[in-house]
Amino acid sequence: MASVLRFRKLCFVEPVKCSSAGFQCSEKTAQKNEKRDENDVVSSAGYSVLEKKRKSKKQPKEWRCIDSCCWCIGYMCTTWWLLLFLYHCLPATLPGFQVPESPGARLRREGVKALHPVVLVPGIVTGGLELWEGRPCAEGLFRKRLWGGSFTEIFKRPLCWLEHLSLHNETGLDPPGIRVRAVPGLVAADYFAPGYFVWAVLIENLAKIGYEGKNMYMAAYDWRLSFQNTEIRDHALSRLKSKIELMYVTNGYKKVVVVPHSMGVIYFLHFMKWVESPPPMGGGGGPDWCAKHIKAIMNIGPAFLGVPKAVSNIFSAEGKDVAFLRAMAPGVLDSDMLGLQTLEHLMRVSRTWDSTISLLPKGGDTIWGNLDWSPEEGHSCHLEKKENAQLSSTDINFNHSDGTRGFRIKEPTKYGRIISFGKAASQLPSSRLPSPDLKELLFTRSSTGLNLSCGEVWTEYDEIGRENIRNIAESKAYTAQNAFDLLRAVAPKLMQRAEAHFSHGIADDLDDPKYAHYKFWSNPLETKLPHAPDMEIYSLYGVGIPTERSYVYKMSPSGKCNSIPFRIDSSVDGEADSCLKSGVYFVDGDESIPVLSAGFMCAKGWRGRTRFNPSSIATYIREYRHKPPASLLEGRGMESGAHVDIMGNTALIEDVMRVAAGATGEDIGGDRIHSDIIRMSARINLQL
């Protein structure tokens with residue numbers, strides 16, 4: 001090392017000026033250079049020691065995006081539990097913290113008592129599922145909840161959890177070696193997760209006027225299956241029939257009040273047709289079974305005519321929430337570094353659930369509109385605040401809309417275009433749009449099959465081919481009618497399997513023998529209500545919340561195999577007062593079900609004597625204007641109109657309890673309408 005340093009000095013040190021005594025000068029210079037060399041050697045050695053010490057110290061870990069997400073979730077959970085703890089520790093007598101009297105306690109004080117047995121029918125997702133048989137990875141989970149409850153297995157063994165929630169891709173039933181079944185009893189859907197109620201508040205209030213296990217029943221079923229398959233595999237429809245008959249007899253021959261929610265509404269519609277149909281396809285109860293056993297059906301958040309968000313869920317496994325997450329944290333869901341493939345996994349699993357097809361829009365362009373027209377045309381997303389604050393008596397109870405509230409004259413939004421590729425395609429006149437023709441695509445799918453090099457996540461999109469994927473887009477727009485061709489092209493296995501169990505059209509002649517098949521029974525436009533003139537049908541739903549109606553899409557930037565090639569374009573927004581936000585067009589509804597789907601059948605399709613309601617069963621619409629909670633201490637609100645939170649709405653609970661105690665629709669005030677459902681229904685040209 002010293003010799004190297006000397007050579008460096010000789011080459012780079014400036015020459016020293018010397019006197020005539022050159023020898024003495026060179027001797028002094030050499031001595032100085034030796035001292036400098038020694039100093040350099042010492043400094044070099046010291047530098048190497050410091051460098052070793054610096055390297056030996058542990059380097060701080062690089063902060064990643066996933067660390068930020070985990071800390072954020074941790075802070076939110078800690079804050080929430082701290083607020084709950086403080087809320088329960090505060091004395092109930094403290095001003096501002098008095099718990100209002102529950103509807104059950106108030107009605108009990110008024111002398112209201114249990115009379116008719118009550119059957120609760122949960123909807124999609126909210127019912128618990130437990131494991132009865134599984135693969136080796138599910139060791140120790142026998143009769144443990146895989147869906148509902150704490151969801152701890154998602155974090156412990158996520159791929160195993162997804163495998164056990166999937167159904168067979170060909171049969172729509174159990175995969176070999178796996179048996180997942182619905183949790184029985186009231187606990188099946190009282191809480192979806194700890195602290196997140198679904199039916200619990202309604203059950204508690206019913207209990208206060210005398211309801212218990214002998215006169216209240218939760219008709220739990222496996223919500224992943226097609227409706228007829230719940231009977232084929234689990235005999236769920238037969239058990240429901242037997243339970244209603246038993247409750248009818250053991251409660252003094254009092255008719256039953258049925259309270260379905262969300263998808264449970266069309267599940268029970270299927271049941272009513274099944275129970276009166278002859279075996280082996282039906283339950284053999286005879287044509288007067290419903291008239292004998294059912295007093296009223298109080299449908300909460302009904303998805304009678306389906307929901308547009310079901311199209312986006314099948315098409316790209318997303319809705320407004322996923323689009324919002326992408327806008328807030330771009331790249332997280334599609335990160336190559338994290339390798340989550342979250343949406344691809346969700347798509348693979350959900351496409352094995354036949355029940356999702358039951359929620360696709362029914363009635364085609366006649367109900368949902370075409371490229372240039374829709375029933376919600378002219379809807380404004382900004383209602384005047386004074387209308388939210390004050391309601392006249394004519395706003396509370398009426399059967400005819402004045403056709404002006406909530407509407408403004410402006411360029412009509414093309415809500416009938418459920419999927420548009422690009423903002424321009426959602427607004428241009430139909431004459432300037434290319435006509436989507438997917439018939440050829442159904443027969444030109446790639447024959448290469450599954451590319452095993454892509455991994456286990458399979459979305460079926462690679463079987464289409466990239467050229468066909470580009471043809472699907474190309475500034476095209478799809479309505480409720482041709483959206484089915486679109487889904488048949490991108491999800492052929494699901495559509496082929498599930499369309500054997502569901503239909504989404506409008507019947508020309510309901511007396512045609514083909515409509516005796518079970519695939520038509522859950523569509524109110526392709527089946528008749530039972531002959532039960534004394535029965536009542538209610539439609540109870542929230543209004544005043546922006547609800548998904550149609551979507552603006554774009555091609556995904558990712559070119560990876562087995563990735564989802566389409567996504568909602570969250571960068572697209574409308575004008576200040578527009579209903580277009582983050583690539584989603586909104587209309588009035590309960591955040592999940594548009595008013596059109598929830599209210600049309602009771603407003604027009606079944607109102608009076610029609611071909612869909614030949615015995616003129618009385619129908620009532622009860623709308624609940626959404627009012628968000630005033631503070632965190634109010635929880636999810638007692639006047640909420642949101643799709644699930646409405647189960648804790650005190651006005652809705654009171655309506656259900658009064659009917660269960662013997663009241664009729666007229667006794668509780670008849671129709672209560674805040675939305676423009678009457679005007680929307682009048683704009684639909686449907687033969688009645």
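Visitor: What is the strand order in the open sheet of three strands?

Guide: The order is β3-β2-β4, and the pairing is antiparallel. Keep in mind that this is a predicted model.

Visitor: Which strands are at the edge?

Guide: β3 and β4 are the edge strands. Each of them pairs on one side only, and β4 covers 179-182.

Visitor: How are neighbouring strands turned against each other?

Guide: By 45° on average, with direction ignored.

Visitor: How many bridges join β2 to β3?

Guide: Two bridges, and the strands run antiparallel.

Visitor: What stands opposite glutamate 130?

Guide: Arginine 145, which is in β3.

Visitor: Which helix packs on the sheet?

Guide: That is α6, and this helix touches β2, β3 and β4. The direction of α6 makes about 80° with that of β3.

Visitor: New topic, cysteines. How many disulfides does the structure hold?

Guide: The structure holds one.

Visitor: Which cysteines does the disulfide join?

Guide: Cysteine 137 and cysteine 160, with an S to S distance of 2.1 Å.

Visitor: Where do cysteine 137 and cysteine 160 lie?

Guide: Cysteine 137 is in the loop between β2 (129-133) and β3 (145-147). Cysteine 160 belongs to helix α6, residues 158-165. So the pair ties together parts that are 23 residues apart in sequence.

Visitor: Is that disulfide right-handed or left-handed, and why?

Guide: The torsion about the S-S bond is about 80°, so the disulfide is right-handed.

Visitor: And cysteine 160, buried or exposed?

Guide: Cysteine 160 is buried, because its relative accessible area is 9% and the cut-off for buried is under 20%.

Visitor: What about cysteine 137, how accessible is that one?

Guide: Cysteine 137 has 32% relative accessibility, so this residue counts as partly exposed.

Visitor: Other cysteines then. Is cysteine 290 buried or exposed?

Guide: Cysteine 290 counts as buried, at 0% relative accessibility. Cysteine 602 is buried too, with a relative accessible area of 0%.

Visitor: Buried or exposed, and at what relative accessible area?

Guide: Alanine 105 has a relative accessible area of 17%, so this residue is buried.

Visitor: What separates alanine 105 and leucine 206, along the chain and between C-alpha atoms?

Guide: Along the chain, alanine 105 and leucine 206 are 101 residues apart. Their C-alpha atoms are separated by 9.5 Å.

Key: Residues are numbered from 1 along each chain as its sequence is written. This is a predicted model: local features need pLDDT of at least 70, side-chain atom pairs count only at pLDDT 80 or more; totals for chains, interfaces and linings use all residues. Side-chain values use heavy atoms; hydrogens and water are left out. Buried means under 20% relative accessible area, exposed over 50%, partly exposed in between (1.4 Å probe, protein chains only). A disulfide is a pair of cysteine sulfur atoms within 2.5 Å. Helices (H or I, at least four residues) and strands (E, at least two) are DSSP runs, numbered from the N terminus. Two strands pair if DSSP finds at least two bridges between them. Axes are lines fitted to C-alpha atoms, for helices over the stretch in contact, and angles run from 0 to 180 degrees between N-to-C directions. Contact means heavy atoms within 4.5 Å.
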